[in-house]
Number of protein chains: 2
Amino acid sequence: MTGAMTGSGSVTIEHVAEMAGVSRQTVSRVINNSPNVKPAVKERIQQAIDHLGYVPNIAARRMGGAKSFLIVAINDRHRTLENWRAGHGNDWVDQMLYGGMTAAEAHGYHMLFELVDADPEMASAQLDRIIASLRPDGIILTPPHSQNEALVALLAARKIGCARINVPDEFAGVTVRMDDRAAAREVTDYLIGLGHRRIGYLSGGRDYAVCLDRLSGYKDAMAAADVPLNPDWVREGGFLFDPASRETDALLAMPDRPTAIIADNDEMAFATLHAIDRAGLQVPGDVSIVSFEDTPGVRFSVPPLTAVRQPISDIIGAAVERLIARANGDDTDGVLTLPHTLRIRGTTCAPKA
Amino acid sequence: MTGAMTGSGSVTIEHVAEMAGVSRQTVSRVINNSPNVKPAVKERIQQAIDHLGYVPNIAARRMGGAKSFLIVAINDRHRTLENWRAGHGNDWVDQMLYGGMTAAEAHGYHMLFELVDADPEMASAQLDRIIASLRPDGIILTPPHSQNEALVALLAARKIGCARINVPDEFAGVTVRMDDRAAAREVTDYLIGLGHRRIGYLSGGRDYAVCLDRLSGYKDAMAAADVPLNPDWVREGGFLFDPASRETDALLAMPDRPTAIIADNDEMAFATLHAIDRAGLQVPGDVSIVSFEDTPGVRFSVPPLTAVRQPISDIIGAAVERLIARANGDDTDGVLTLPHTLRIRGTTCAPKA
DNA sequence: TGCCCCAATGTGAGCGCCCACATGGGATCA
DNA sequence: TGATCCCATGTGGGCGCTCACATTGGGGCA
């Protein structure tokens with residue numbers, strides 16, 4: 001039961017104004033929560049709105065005023081599509097959608113996703129097209145775009161609010177992230193606390209700021225606890241199963257093989273799980289595993305994976321909130337760091353010996 | 001290198017018209033691929049567009065003309081958010097986004113997601129608000145909304161193209177789906193072909209048309225092969241791990257326990273895997289498993305899961321294509337059935353005895 | 001009482017585009 | 001050669017809303 005006009009053409013602000021016996025502008029003020037409207041009038045208008053089932057047209061609002069009620073989240077085309085096509089899982093997009101959509105909805109906003117190529121020249125051109133076409137009130141840049149200063153500069157020139165996801169502190173502007181370095185430190189401390197001294201690290205890759213950050217945290221923790229670190233314990237698996245398998249094989253073949261391995265995502269952690277099994281070793285008895293993603297499926301492996309939960313949905317939700325606040329005049333800059341969680345499950349225990 | 005105007009305010013159709021020495025309308029014709037523009041003029045205009053980096057403003061296009069260049073995909077709020085919050089995985093949203101976004105992008109369209117409650121009254125009201133606010137060129141209804149005739153009627157009244165996802169043939173209008181019944185028949189035939197005669201079925205639930213469809217296919221195949229079917233082999237797990245665990249336990253405790261189990265999604269298939277292991281039985285030696293979802297993680301279980309791949313991204317992509325065609329005058333109705341794939345991996349083999 | 005100020009409302013214009021229609025010139029036909 | 005057509009282009013108007021500004025009225029202050 002949306003209203004009395006159900007079935008007819010669109011209900012405009014004009015209709016509401018007429019019904020409430022006021023001008024368009026006063027109705028507009030009520031819609032936009034502007035001050036200086038008499039409570040009695042406001043209520044009368046609200047009743048007319050409810051009665052007619054009036055909902056402002058977003059395109060017209062954009063045309064008339066400054067706001068578009070749109071937040072655009074930019075993902076890397078290649079990483080998003082190709083990885084998925086190749087069958088690689090990813091919790092990222094789901095979480096972004098859930099966190100962002102919910103936050104946007106609460107303010108009458110909409111969030112939409114766009115894909116942009118990582119290549120610097122293409123990225124700028126594509127982003128510029130998106131801006132021209134959509135004129136969003138804010139743009140969320142995810143890695144690797146969030147590290148691209150040219151894009152940030154472009155958005156600044158176009159005067160569009162920009163939230164950067166998961167970039168290290170040094171960058172300026174609005175940033176929302178989790179503390180990957182601290183998380184890695186925490187994980188390493190946890191393993192050291194269990195008695196591990198030979199801890200391996202399967203990194204995603206050195207081009208990801210996040211991965212480098214985590215590696216620092218891992219090294220920090222090892223150094224702080226005076227645990228010697230063999231550089232060969234640190235290996236790159238590119239976030240993928242097969243390379244991670246091979247690297248784990250190599251790790252297990254070392255004379256001072258690690259008794260615990262940290263992996264930068266779940267897929268690599270699973271590869272580690274399999275490789276350890278293949279080598280005739282036990283998880284977690286012989287080798288403990290901690291992952292850095294925590295997709296829903298990790299609860300169902302044998303044993304279920306101990307993992308760091310990245311608060312992606314919260315991060316995107318916070319980014320949306322910030323951008324909307326910004327579009328409404330609040331231009332607080334700064335870095336917002338959201339808490340992560342280490343979820344201890346079945347792949348970690350004290351080392352045997 | 002977007003164009004010469006980089007840095008200035010918005011480039012409008014007016015600027016292009018002036019530069020090319022024609023009227024706005026002629027530029028508009030070029031943008032919209034209308035006929036009756038001299039090739040020479042068209043090229044001159046195109047050059048001006050490229051030079052200025054002109055991109056039409058989507059809100060203005062919506063205001064002036066009939067099209068909004070927006071396709072909205074409607075998901076169930078509860079199923080989408082609550083399940084995810086409770087830690088249950090779901091490949092659905094990712095695939096929708098990938099398939100839909102790519103198809104939309106190819107036509108200069110954008111796709112956005114909205115959540116709507118399943119409750120019939122709320123659903124209609126919420127959908128009506130979405131229509132009034134966004135005026136999309138088309139709406140994609142996913143289950144359970146795609147089975148809600150009131151929503152379909154509302155969209156028809158509002159003259160908005162509607163594509164329904166995964167509803168059985170009997171419903172009219174534009175429908176895009178996979179043939180779940182045939183897929184279930186195929187899976188069952190495959191298992192029967194391997195030599196299985198006692199085949200269990202872990203269904204998602206009887207309120208999902210898709211699940212009922214699959215059950216029919218399973219029963220068809222059993223009947224066609226003259227394999228007797230014990231009704232107690234068919235159980236409901238609500239798509240969730242824990243209930244599926246219990247039902248599998250019950251299944252395994254039967255005197256004529258199944259030698260193969262079909263599950264309606266991956267999470268339940270994993271539960272089955274664990275339950276069989278717990279019972280001291282082997283997969284696939286003692287019991288074979290086939291799942292009906294094929295999320296990326298299934299490749300990494302031990303053994304990797306044999307599963308039916310639902311072509312969700314293709315389905316949503318096709319729905320987007322249909323809706324865009326419809327917005328441009330092509331009003332072909334009908335059911336579009338996209339092919340699925342049975343991916344045979346490590347959880348199926350001939351039964352022991 | 002008169003003045004000013006500000007809260008509460010209304011008015012005109014325009015955002016950038018596409019629609020309907022009007023207009024001009026060439027080819028086509030008798 | 002003139003009438004007819006249709007292709008190629010231009011013009012005016014308006015979509016639904018918000019902006020900047022104008023206007024009204026009532027309360028506080030001297």
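Which helices of chain A and chain B each supply at least two residues of the surface near DNA strand C? In this predicted model, they are α2 (24-31) and α4 (58-64) of chain A together with α2 (24-31) and α4 (58-64) of chain B. The briefing below takes the DNA surfaces first, then the relation between the two protein chains, and then selected elements and residues within them.

**The surfaces near the DNA**

- Around DNA strand C there are 27 residues, of which I13(B), S28(B), M63(B), G64(B) and G65(B) come nearest.
- Sorted by class, the surface near DNA strand C holds 10 nonpolar, 13 polar and four charged residues.
- DNA strand D is likewise surrounded by 27 residues, and here the closest are I13(A), S28(A), M63(A), G64(A) and G65(A).
- For the surface near DNA strand D, at least two residues each are supplied by α2 and α4 of chain A together with α2 and α4 of chain B, and the residues of that surface divide into 10 nonpolar, 13 polar and four charged.

**The contact between chains A and B**

- The contact between the chains draws 49 residues from chain B and 49 residues from chain A.
- On the side of chain B that touches chain A, the elements that each supply at least two residues are α4, α5 (77-85), α6 (92-106), β2 (110-116), α7 (120-134) and α12 (266-278) of chain B.
- Helix α7(B) gives the largest share of that side of chain B, with eight residues.
- By class, the side of chain B that touches chain A consists of 25 nonpolar, 16 polar and eight charged residues.

**Chain A as a whole**

- Chain A contains 13 helices and 12 strands, and its C-alpha trace spans about 85 × 45 × 40 Å along its principal axes.
- Of the 353 residues in chain A, 50% are buried.
- Among the contacts in chain A with a separation of 6 or more, 72% are accounted for by residues 24 or more positions apart.

- Strand β1 (residues 70-76) of chain A is mostly covered, with seven of its seven residues buried.
- In a regular strand the side chains alternate between the two faces of the sheet.
- In β1(A), L70(A), V72(A), I74(A) and D76(A) point one way, whereas I71(A), A73(A) and N75(A) point the other way, and all are buried.
- Strand β1(A) pairs in the parallel sense with strand β2 (residues 110-116) of chain A over seven bridges, and the bridge partner of N75(A) in β2(A) is L115(A).
- Strand β1(A) also pairs in the parallel sense with strand β3 (residues 138-141) of chain A, over four bridges, and I74(A) stands opposite L141(A) in β3(A).

**Helix α13 of chain A**

- At 1.5 Å a residue, the 16 residues of helix α13 (residues 312-327) of chain A should span 22 Å, and the end C-alpha atoms are 22 Å apart, which agrees.
- Helix α13(A) is mostly covered, as 13 of its 16 residues are buried, and it is followed by G329(A), whose phi is positive, near 105°.

**Two individual residues**

- D117(A) lies in the loop between β2 and α7 (120-134) of chain A, and because 15 other C-beta atoms lie within 10 Å, D117(A) is partly exposed.
- The C-alpha atoms of D117(A) and H78(A) are separated by 6.6 Å, although the two residues are 39 residues apart along the chain.
- Beyond its neighbours within four places in sequence, D117(A) is in contact with R77(A), H78(A), M122(A), A123(A) and Q126(A).
- R309(B) lies in strand β10 (residues 306-309) of chain B and counts as buried, because it has 20 C-beta neighbours inside 10 Å, the cut-off for burial being 20 or more.
- Leaving aside neighbours within four places in sequence, R309(B) is in contact with D294(B), H340(B), T341(B) and R343(B).

Terms used: Residues numbered from 1 in each chain as written. Chains lettered and ligands numbered in written order. Predicted model: local features only at pLDDT ≥ 70, side-chain atom pairs only at ≥ 80, totals over all residues. Near = placed C-beta within 6 Å. Nonpolar A, V, L, I, M, F, W, Y, C, P; charged D, E, K, R; others polar. Contact = placed C-beta atoms within 7 Å. Expected span 1.5 Å × (residues − 1). Buried ≥ 20, exposed ≤ 12 C-beta atoms within 10 Å, placed from the backbone. Pairing = 2+ DSSP bridges.
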